[in-house]
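Visitor: Could you walk me through this protein model, one question at a time? I would like the cut-offs along with the answers.

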Amino acid sequence: MIVVDDAVITRALARLRTLTELESPSGNSECLARLRDALVLRWRELGLDVTIVPGSVGDHLVAEWTVPESDGHVMLVTHYDTVWPEGELARQPFVVEGDRVSGPGVVDMKSGLVAIEFALAHLRHSGRSPTRSIRIVCIADEEISSIDGRRVIEAQAERAVAVLGFEPAHPNGDFKNGRRGVARVLLRVTGRASHSGLGAAEGVSAVDELVDLLMDVRRGAPQAQDAAINIGRINGGTRANVVAGAAEAEVGLRFRETATERSLLDFFRSLRVHREGASLEVVTLSHRPAWPEDPDSWLTKLVVTAARAQGDDVSARPAGGAGDTNFTGSWGLPTLDGLGPRGDHAHAVGEYVLLSSLAQRISLLVELLTNPDLGT
């Protein structure tokens, strides 16, 4: 077990401030580029081989520490975008109050990035080497479902022997050994516009059709215990004296089991219009597959045992939200998330992380990356 002393914590806190104050809203390419450059500079200083992968809304990063004759690699899954808009620091500045550090993005997930950097820095400065090659995959659009970043995760997951995700831990410090799947489905209805007074019979109301389709959803969607459906947005028509020619609804789906996931998606694809002259297009806007818990996971047992050996009395349990580890976990790769420090209020005013947990996670990651059982 390494000791993360006050000097290291002081430097880690300074780095966390730097990363937090480099605001990085999803989709804001200029802000993302500034943080990208700061990460790339530091990672190259640590001797990592860094590749910038151009993305549609921001560049993704892949960094590798190659260990000769390593059979496969350990994949560290991260992201550097946040849900907060540019300028949020004026409302929520970076504040340190004892063990508690607040600011937009500190727990989700800039403190996770700091933990990775300082663990690798310790290995470099102490002359130690990981037992296997390490590959950091840092995505620029995780908070908007990794629609572009998924391809990078898929490519870099090939030959991975274990996947560690650096989303924040559960508030009590527990790791995340499964995640609900999520999907966003768009129901796009096309009708035929007409004057509602002079030519109503010539029109086909897309709004009326959409209402009937949403009633079909309410009455006929699979009712599995782990299924959740939210009709989150409806839009259609132009004005009261025009029969609506177009309408759409965005529906959010959540599911724990793969069978439920299939039944929900199949149901939406099976929807059919009621009116002659109307048409329906069902578009899957985003999709993160379910990652069911594996109670016998060797990776979970290894990480929990290592954490407890360092005096951190934690366990592992599934998370309600989705993330990039949904992909690797659903593909059957040994995966554990929540390696980021503990804190709370991610995506909400008052977001914070605990410095003591940051120190614990740095120490834990050093031990894991040098553990000969990681990936065997």
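Guide: Gladly, and a definition comes first: buried means under 20% relative accessible area, exposed over 50%, and partly exposed in between, with a 1.4 Å probe and protein chains only. This is a predicted model, in which local features need pLDDT of at least 70 and side-chain atom pairs count only at pLDDT 80 or more, while totals for chains, interfaces and linings use all residues. Residues are numbered from 1 along each chain as its sequence is written, and side-chain values use heavy atoms, with hydrogens and water left out.

Visitor: With that scale, is Glu-154 buried, partly exposed or exposed?
Guide: The relative accessible area of Glu-154 is 39%.

Visitor: Which side chain meets Glu-154 in a salt bridge?
Guide: A salt bridge is a side-chain nitrogen of Lys or Arg within 4 Å of a carboxyl oxygen of Asp or Glu. Helix α4 (residues 150-157) holds both partners, 4 residues apart, about one turn of the helix; helices (H or I, at least four residues) and strands (E, at least two) are DSSP runs, numbered from the N terminus. The N to O distance is 3.1 Å, and the partner is Arg-150.

Visitor: How many residues apart in sequence are the parts tied together by Glu-86 and Arg-34?
Guide: The side chains of Glu-86 and Arg-34 form a salt bridge of 3.9 Å, N to O. Glu-86 is exposed at 51% relative accessible area, whereas Arg-34 is partly exposed at 42%. Glu-86 sits in the loop between β3 (73-79) and β4 (95-97) and Arg-34 in helix α2 (residues 29-45), so the parts tied together are apart in sequence by 52 residues.

Visitor: How far from Glu-261 is the nearest side chain of opposite charge?
Guide: Glu-261 belongs to helix α6 (residues 258-270). Leaving aside neighbours within four places in sequence, Glu-261 is in contact with Phe-255, His-287, Pro-289 and Ala-290. Lys and Arg count as positive and Asp and Glu as negative, while His and the chain ends are not counted. Glu-261 is buried yet has no salt bridge, and the nearest side chain of opposite charge, Arg-262, is away by 7.1 Å.

Visitor: What is the area of the nonpolar surface patch made by Val-207, Val-211 and Met-215?
Guide: Patches are made of residues with over 30% relative accessible area and no salt bridge, with like charges joined within 9 Å and nonpolar side chains (Val, Leu, Ile, Met, Phe, Trp, Tyr) within 5 Å. Val-207 lies in helix α5 (residues 206-220) and is partly exposed at 31%. Accessible areas come from the Shrake-Rupley method with a 1.4 Å probe, and for residues only the protein chains shown count as cover. The area of this patch is about 210 Å².

Visitor: What share of the residues in the chain is buried?
Guide: The chain has 9 helices and 18 strands. Its C-alpha trace spans about 80 × 45 × 35 Å along the principal axes. Of the 376 residues in the chain, the buried share is 54%.

Terms used
Contact means heavy atoms within 4.5 Å.
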